[in-house]
Amino acid sequence: MKGAILFTGKFGSTQQYAQWISEHTSFPVFNLNKENPDPTDYDLLVLGSSIMLMKPTIKKWLTTFWPMIKDKQIVLFTVSGTKPGHPDLQKWINNSFSKEILMHINYIPLRGRLNLNELPWFTRFLLKLGAILEKDPETKQRMAEGFDYMVKSNISQILKWVSEKKERKLALV
Ligand SMILES: Cc1cc2nc3c(=O)[nH]c(=O)nc-3n(C[C@H](O)[C@H](O)[C@H](O)COP(=O)(O)O)c2cc1C
């Protein structure tokens, strides 16, 4: 079974998860902000996307390429500050993709990292401003101070999904 990991992210945490998944699966990794792989070359796609301003950054790519990949096995992982299981995350995903996409893909949310010192000054300024206006105390703290929830073991659900798909394919051969 031929698989690949395709991701969009800006500050390195989505890429880090993509690389960790690749170490375990040996699937190649493509940064969709820099590369243009042909997704039809693969049976199984692991898609990774950061969440920025309440939107998955892979939205445009996935919507554009959907007609070409809709028959493939697809798992989408998002990387955000918001905790997996928080209702906002599912809302942002539901608002970003068609019902057909939502029904077909497997969705796994992960938490990432935000190092305020790595951000351009204007983005940092906007986040600090947003933190002042934010009502939820946990989100406020995250926006004001940054965070790091990156742990390799977070990818275990994705690895499990990949091995289940590989086993099923073998059983059918
Ligand atoms: C400008 C900006 C906007 C963000 N907006 C959100 C958001 O709306 N919701 C959220 O949960 N996290 C948000 N985050 C946090 C990112 O999702 C998190 O830092 C993620 O790990 C970034 O992925 P990357 O390192 O691959 O770019 C935002 C971060 C930045 C810098």
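**Overall form and ligand shell**

Modeller: With 173 residues, a compact globule would have a radius of gyration near 16 Å, and the protein agrees with this at 17 Å. The radius is taken over C-alpha atoms, and the globule rule is 2.2 Å times the number of residues to the power 0.38. This is a predicted model, in which local features need pLDDT of at least 70 and side-chain atom pairs count only at pLDDT 80 or more, while totals for chains, interfaces and linings use all residues. Residues are numbered from 1 along each chain as its sequence is written.

Colleague: What share of the residues is buried?

Modeller: A residue is buried if 20 or more other C-beta atoms, placed from the backbone, lie within 10 Å of its own. Here buried residues make up 29% of the 173 residues.

Colleague: Which domains does the assignment give?

Modeller: Domain bounds come from an automatic or database domain assignment. In this protein they are domain 1 (3-112 + 150-172) and domain 2 (114-148). The centres of domain 1 and domain 2, taken over C-alpha atoms, are separated by 25 Å.

Colleague: Which residues come nearest to the ligand?

Modeller: A residue is near a molecule if its C-beta atom, placed from the backbone, lies within 6 Å of it. Of the 20 residues around the ligand, Gly9, Thr14, Ser50, Thr82 and Gly112 come nearest.

Key: A residue is buried if 20 or more other C-beta atoms lie within 10 Å of its own, exposed if 12 or fewer, and partly exposed in between; C-beta atoms are placed from the backbone.
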